[in-house]
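Please keep the sequence and the model in view while reading.

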Amino acid sequence: MRLPFALIDVLDKVADGAGINKREASYLLGFDEHSIEASLIRAVANDVSRERFGNCGVVQGQIGVEIMPCPANCGFCVFGAKYKMFEPYVMPEEEILEKALAFSETGRLSSLFIMTMHQFGFDRLVKTIEMLRHHILPEIEIVVNIGDFDRKQGEELKAVGVNGAYHVLRLREGIDTNLDPEKRVKTLGVIKDVGLDLHYCCEPLGPEHSNEEIVEQMFRGIEYECAEHAAMKRVWVEQLPLARFGQITELRLAQVVAVVTLASVNNPALKHIAVHEPNKIGLTSGANTVYAESGSNPRDCDAETETCRGRTVDDCVEMLFDSGFSSLLYGNGCVGSLTHEVCQHLQI
Ligand code: SF4
């Protein structure tokens with residue numbers, strides 16, 4: 001068996017502690033997902049990531065707290081106003097708290113994400129964060145996954161205890177969405193300027209995206225020194241316009257996770273790498289982080305994802321154990337062993 005010299009050169013460079021550039025990232029994405037070259041790229045990324053993060057897994061949780069007909073009409077999201085798939089719904093505070101406690105009382109959650117629609121009630125969000133900060137462990141980070149916001153709002157979010165924001169200039173933003181790419185980028189700057197952790201992601205990946213498009217979108221997160229990078233595939237939903245392109249496999253998603261991992265060697269701010277939705281191929285290709293989900297979910301035709309696509313914290317812990325992680329970032333901020341006994345306890 002002969003491997004291409006160019007591939008060996010790139011992987012040797014990574015083994016020596018250097019990151020890859022855009023041209024090299026595009027080259028690595030160009031191998032067929034079933035090829036031995038792609039398997040080798042995933043194996044090297046797995047090694048680089050486990051070394052970097054001390055073989056420690058991370059579980060995060062997201063609560064989708066509302067459903068509204070969203071004017072952004074993203075061609076991959078079930079909440080687009082055009083698609084009329086749901087009745088509007090605002091989750092009462094008591095239910096948000098109940099869900100947050102269900103996540104945090106496992107003792108295994110590192111961050112709690114609160115997700116709204118693109119347009120959201122800022123004052124209501126602030127009130128929700130204040131309420132959550134009174135009830136959940138201070139070590140659990142709160143991350144907002146919301147629409148665009150300005151500097152004043154970013155400062156206010158930080159002041160009430162928000163630690164980070166999930167924000168992305170999506171693949172084909174402004175083409176497959178009604179959103180203004182410039183505003184999305186501006187919010188990335190706001191997040192950095194006010195000192196919130198930026199949670200970025202290469203998403204929503206579909207078979208129609210070229211390697212060059214993927215690389216450009218992926219490197220933006222690295223250029224902004226995101227605290228978390230990730231990759232997420234678009235989920236096929238029959239009623240949505242982008243369903244015509246189909247869906248990529250978890251194996252291809254894992255290849256993108258691997259390239260994110262190798263490209264992120266040059267990002268000193270990176271704390272972890274996630275794969276959405278949670279799966280073991282991604283967790284053995286560079287990702288060390290997965291999400292539990294409850295409430296609304298843009299990839300789910302059920303208004304309560306907990307009973308459909310959403311994974312529980314226990315599912316995520318078990319998946320990390322099965323993927324060979326030997327420790328876990330616990331909800332109290334400590335790192336503890338992730339053993340067979342921990343997983344057995346989950347099943348009792
Ligand atoms: S992904 Fe977000 S911005 Fe796009 S339609 Fe769904 S809720 Fe709106």
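## Two crossing helices

Helix α3 (residues 36-53) and helix α9 (residues 250-263) have axes that come within 9 Å and cross at roughly 50°. Helices here are DSSP runs of H or I with at least four residues, numbered from the N terminus; axes are lines fitted to C-alpha atoms over the stretch in contact, and angles run from 0 to 180 degrees between N-to-C directions. The angle makes α3 oblique to α9, a term for angles that are not under 35 degrees (roughly parallel), over 145 (roughly antiparallel) or 65 to 115 (roughly perpendicular).

In α3, the residues A38, I41, R42, A45, V48 and S49 meet A254, Q255, A258, T261 and L262 of α9. Contact requires C-beta atoms, placed from the backbone, within 7 Å. The residues of this contact comprise seven nonpolar, three polar and one charged. Ala, Val, Leu, Ile, Met, Phe, Trp, Tyr, Cys and Pro count as nonpolar, Asp, Glu, Lys and Arg as charged, and the others, Gly among them, as polar.

## Basis of the model

The model is predicted: local features need pLDDT of at least 70, side-chain atom pairs count only at pLDDT 80 or more, and totals for chains, interfaces and linings use all residues. Residues are numbered from 1 along each chain as its sequence is written.

## Residue L125

L125 belongs to helix α5 (residues 122-135). Apart from neighbours within four places in sequence, L125 is in contact with T116, F120, V144 and I146.

Note on methods
Contact = placed C-beta atoms within 7 Å.
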